[in-house]
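Here's a quick briefing for anyone meeting this structure for the first time. Have a look at the sequence and the model, then read on.

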Amino acid sequence: MSLAALVAEPAPSPAPRGRLGFAALALAYGALVLLCLATLAAAGDLSLGRNPWDNLLRSLADFARPSFLDLWFGAERLEYRSDDGRLLRVEDRRAVEASYLAGLARATWVTFQIATLGSLLAALLALPLGLLTARNLGAPRPLAWAAKGVLDVARAVHTLVFGLVLVGIVGLGPTAGILAIALHSMGTYGKLYAESIESLDMAAVEAVRATGATPLQVFFNAVWPSVLPQFVGNHLYVWEFNIRDSTILGLIGAGGLGLLISEAVSLFQWGRLATVLLVVIALVIAFDALSRRIRRALQ
Amino acid sequence: MTPPAVIRLQGVTVEAGGRVLLQVPELLIRAGERVALVGANGAGKSTLLRLLTGLAVPARGEVEVLGRRLDAAAPRPLSRAGWRALRAEVGQVMQGLHLVPRLSALENVLVGALARRDELPAWRSWTRLYPAPLVGEAEAALARLGLAARAGTRADRLSGGERQKVGLARLMLQRPRLLLADEPTSALDPASTELAAAVLREAASRATLVSVVHHAALLPLLADRVIGLAGGGIVFDRPRAGLDDERLAALYRAPASAAGELLDDLPGAAAARLAAAHP
């Protein structure tokens, strides 16, 4: 057998189709999952720690008494004494908790500011990029590719990573958070914008143009009314997402609730962590409900 | 004195992929004429209409619409503003021309007035804050078509027939000098077909009307001149009065593939009424 014949021998098998293709995919996926589990087990990293149940119960017990209850049930005269019984300090737990809650309210507001301003900045930054990448607008190819590249990179890098870099550049505080949110969400907005524009009814645009309308008239009468509700819907959706995202930005020093979370975790103050998490949950749920209602009204 | 020519074709050939779609040695349509284009599918009716809106470009020959040359060989190509002015004067009722889904029926009707620039300041046309007289006119147009109650409904919530009527109302506000209609009543029930044809006829009373007609019963309403097309060429061109059914039927028999859609699919009752009303 000649070398050429040997090389040519295996006939190109047809691409897997239908159920066979699906079975092959499922098999490959199963193999991947097994590989992950096996390598973890081999490295001895597949463990739940020494006594997970005790830890779980202790954590639950800690969380079950959120610190804000001190506002009503805290000791009004908590005395700190030295070993020989001398009175060192007297603390009013209620007053301490009240001032903590005031700080929590300020942090919540900062988180909201970061999410709101970051989302708005992202929406504005993404607008030209979205217009460039919408296929039916026919932007020059190299520009469209460049814009798509920027959007893909922005989406690929997590908000926290942007935040870490930005804290180094603009310093600690909400500005870094706002910029981090803006850079990551820009990618999401650009993609959503392009999709809204691509779903535009071009026959309606043609019909308006056929009445002799000027380009501006076509834009305001055919393009804008179709695209605006979608833009507003997208904005609310990403904003809602960013409220959730910005609650952890404080972990890297970018301001807001995350700072209180990291503080409570470092000091093992699970009661305070429970209080902060309750605020996060309430904030996210409230904004979700509001945004969903507005988006439904816009349909 | 003969009225001026609105449409003038001279030695026109339209090709697509090396195939001849339409060949018209000469065609002249004068102001005020009402012309019906009849013929089987693929006979060249739609190509002729597309030629008149500039959507189809002739490989050879001259195309003149409302005094403007549209072919590539024109001594002076039409400017952007020239095309806009032409579009404003040419009203279209076409299958593919949709309403703006998010605008109300009334706002869609008012789109027809966008080119009436002396009555509609630019900023009002951008903000859709239309002046009261135009709004009144649009409401009257909708009422004429029996859609007064649907004025505030969004176009994407209207039925197919209602949309076609809104398209007609839009045309009434456009006040075109030349009206091009392709199956203007396809989505309408018999009663609405009568009404729509009457509206179209009214709109055409101040204009020239060229329509593709599929229902023989509508010919008396929409045409006093009938042009028969087959295989991309004109096979007859004569006054409607002198047209016999045999000639029409022959047009649809000629190509084996074409079904006789002209004479059969308007529901009987409406056809009879129309025929009685317009002998």
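How much space lies in the largest pocket? About 540 Å³ of space lies there. Before going further, note that this is a predicted model, where local features need pLDDT of at least 70 and side-chain atom pairs count only at pLDDT 80 or more, while totals for chains, interfaces and linings use all residues. Residues are numbered from 1 along each chain as its sequence is written, chains are lettered from A and ligands numbered from 1 in the order in which they are written, and side-chain values use heavy atoms, with hydrogens and water left out.

**The largest pocket**

- A pocket here is an open set of points on a 1 Å grid over the protein atoms alone, where a 1.4 Å probe fits, with protein on both sides within 12 Å along at least five of seven lines; lining residues have an atom within 4 Å of a point.
- Its volume is the space filled by probe spheres set on the points, which are joined across faces, edges and corners.
- The lining has 23 residues, and R209(A), P215(A), V218(A), F219(A) and V223(A) lie nearest the centre.
- Helix α10(A) gives the most to this lining, with seven residues.
- At least two lining residues each come from α5 (93-133), α9 (202-209) and α10 (215-246) of chain A and from α2 (80-89) of chain B.
- Sorted by class, the lining has 16 nonpolar, two polar and five charged residues (nonpolar covers Ala, Val, Leu, Ile, Met, Phe, Trp, Tyr, Cys and Pro; charged covers Asp, Glu, Lys and Arg; the others, Gly among them, are polar).

- S119(A) is found in helix α5 of chain A, and it counts as buried at 0% relative accessibility (buried is under 20% relative accessible area, exposed over 50%, partly exposed in between, with a 1.4 Å probe and protein chains only).
- Leaving out residues up to four places away in sequence, S119(A) touches I114(A), I181(A), Y189(A), H235(A), V238(A), W239(A) and N242(A) (contact means heavy atoms within 4.5 Å).
- With residues up to four places away in sequence not counted, L131(A) touches L137(A) and I197(A).
- A194(A) is 63 residues from L131(A) in sequence, yet their C-alpha atoms are 6.3 Å apart in space.

**The nonpolar cores**

- The largest nonpolar core has 76 residues, and those touching the most other members are V208(A), L142(B), V166(B), L179(B), L200(B), L219(B) and L222(B) (a core is a set of buried Ala, Val, Leu, Ile, Met, Phe, Trp, Tyr and Cys residues joined through side-chain atoms within 4.5 Å).
- Helix α8 (residues 174-198) of chain A supplies the largest share of this core, seven residues.
- A second, separate core of 30 residues includes L9(B), V14(B), A56(B) and M94(B).

**A hairpin in chain A, and chain B overall**

- Strands β1 (residues 78-81) and β2 (residues 87-91) of chain A run antiparallel and are joined by four bridges (two strands pair if DSSP finds at least two bridges between them).
- L78(A) has E91(A) as its bridge partner, and R81(A) has L87(A).
- Five residues sit between the two strands of this hairpin, and G85(A) in the turn has a positive phi of about 90°.
- Chain B has 10 helices and 10 strands (DSSP runs numbered from the N terminus: helices are H or I, at least four residues; strands are E, at least two).
- Of the 279 residues of chain B, 50% count as buried.
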